[in-house]
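Subject: Structure handover

Hello,

Here is the structure we talked about. Please open it next to this note, and read on for what was found.

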Amino acid sequence: MARRPPLQQLHAFDAAARHLSFTRAAAELAITQGAISQRIKALEQSLGVRLFDRLTRALALTPEGEILARSVREGFSRIDQGLEAVSADTGEGRILRLGVSASFASRWLAPRLADFNARHPDIEVHVTAEDRLSDLRAENIDLSVRFGLGDYMGLDVSPLMDDAVFPVCSPALATRLKRLEDLRGLVLLHDGVAERDGSGVHWRIWSEAMGVDLDCAPGPRFSQAFEVWLRHQVAFPTVA
């Protein structure tokens with residue numbers, strides 16, 4: 001049986017696996033990016049496998065990393081549930097656990113949390129902000145807000161609003177675009193999460209719906225498309 005790694009290594013790995021970023025993992029755990037890197041390197045050495053593929057300006061889990069990430073996440077969730085169960089009668093406030101996308105958390109939820117806390121001081125809000133679809137039961141999440149079609153088996157789903165999807169670009173590029181066909185040959189930015197798990201609209205879906213033939217394969221992929229700074233040579237579908 002494999003020796004159990006130090007808990008600090010598993011914490012570092014769990015944070016990096018959820019964010020797919022050593023920088024964000026370091027911010028969450030209030031340690032340096034170097035410490036995150038060292039702990040994950042030590043974990044990989046002790047297990048004898050690579051847990052991440054270090055890509056250009058990106059991070060991806062290896063198949064072994066995916067397996068370990070699920071196990072560690074479920075393990076921490078069970079620990080949290082146990083801690084909550086034994087401390088339920090201490091008189092502390094209630095906890096509301098939310099699972100939302102990173103863009104929703106930063107653009108909509110975070111600016112409103114202060115007002116919610118003022119109105120409901122007895123409720124402690126815990127936010128899991130990541131783009132993968134959460135397992136609400138395994139991760140003890142009470143409510144999840146997601147972009148999608150709503151066909152989530154075994155869950156009660158309430159639609160919040162419709163959306164409109166269209167390409168966006170810089171003003172300089174917009175002056176050169178007169179027809180849909182003018183998008184051909186441009187460098188397209190891609191929402192890597194939407195392409196990977198089908199959680200949103202990506203270029204191929206949009207071009208087929210609009211009846212325009214685009215070469216949708218080439219172009220850089222981003223795990224957080226809402227953070228991309230548009231330059232004059234790129235465009236990609238977004239949601240209003």
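Start with strand β3 (residues 94–100). It pairs with β5 in the parallel sense, over three bridges. (Strands pair if DSSP finds at least two bridges between them. Helices, H or I of at least four residues, and strands, E of at least two, are DSSP runs numbered from the N terminus.) L98 stands opposite L143 in β5.

Two notes on the source. This is a predicted model: local features need pLDDT of at least 70, side-chain atom pairs count only at pLDDT 80 or more, and totals for chains, interfaces and linings use all residues. Residues are numbered from 1 along each chain as its sequence is written, and side-chain values use heavy atoms, with hydrogens and water left out.

**The open sheet**

β3 and β5 belong to an open sheet of three strands, in the order β4-β3-β5, with parallel pairing. β4 (123–129) and β5 (143–145) are the edge strands, each pairing on one side only. On average, neighbouring strands here are turned by 25° against each other, direction ignored. (Axes are lines fitted to C-alpha atoms, for helices over the stretch in contact; angles run from 0 to 180 degrees between N-to-C directions.)

Helix α5 (residues 102–119) packs on this sheet and touches β3, β4 and β5. (Contact means heavy atoms within 4.5 Å.) The direction of α5 makes about 170° with that of β4.

**The hairpin**

β1 and β2 run antiparallel and are joined by four bridges. L55 has A58 in β2 as its bridge partner. Two residues lie between the strands of this hairpin, and R57 takes a positive phi near 55°.

**Aromatic pairs**

The structure holds three aromatic pairs. (Rings of Phe, Tyr and Trp, the last by its six-membered ring, pair if their centres lie within 6.5 Å; planes under 30 degrees apart count as stacked, over 60 as edge-to-face and the rest as tilted.)

One of them is F22 with F52. This pair is edge-to-face, at 5.8 Å centre to centre with 90° between the planes. It links distant parts of the chain: F22 is in helix α2 (residues 22–29), F52 is in strand β1 (residues 52–55), and they are 30 residues apart. F22 is buried, at 12% relative accessible area. F52 is also buried, at 1% relative accessibility. (Buried means under 20% relative accessible area, exposed over 50%, and partly exposed in between, with a 1.4 Å probe and protein chains only.)

F104 and W108 form a stacked pair, 5.2 Å centre to centre and 20° between the planes. The two sit about one helical turn apart, because they are four residues apart in helix α5. F104 counts as partly exposed at 23% relative accessibility. W108 is partly exposed too, at 41%.

Ring pairs also link F13, F22 and F52 into a cluster.

**Helix against helix**

How do α2 and helix α3 (residues 33–47) pack, and at what angle? The angle is about 105°, with the axes 8 Å apart. α2 and α3 are therefore roughly perpendicular to each other. (Under 35 degrees counts as roughly parallel, over 145 as roughly antiparallel, 65 to 115 as roughly perpendicular, and the rest as oblique.) α2 brings F22, T23, A25, A26 and L29 to the contact; α3 brings Q33, I36, S37 and I40. By class, that makes six nonpolar, three polar and no charged residues. (Ala, Val, Leu, Ile, Met, Phe, Trp, Tyr, Cys and Pro count as nonpolar; Asp, Glu, Lys and Arg as charged; the others, Gly among them, as polar.)

**Single residues to look at**

- D14 is found in helix α1. It is buried, with 9% relative accessible area. D14 touches V72, R73 and F76, not counting residues up to four places away in sequence.
- L20 lies in the loop between α1 (7–19) and α2. Its phi is near 50°, a positive value in a residue other than glycine. Most residues other than glycine have a negative phi. L20 is partly exposed, at 25% relative accessibility.
- G75 lies in helix α4 (residues 63–86) and is partly exposed, at 28% relative accessibility.

Best wishes
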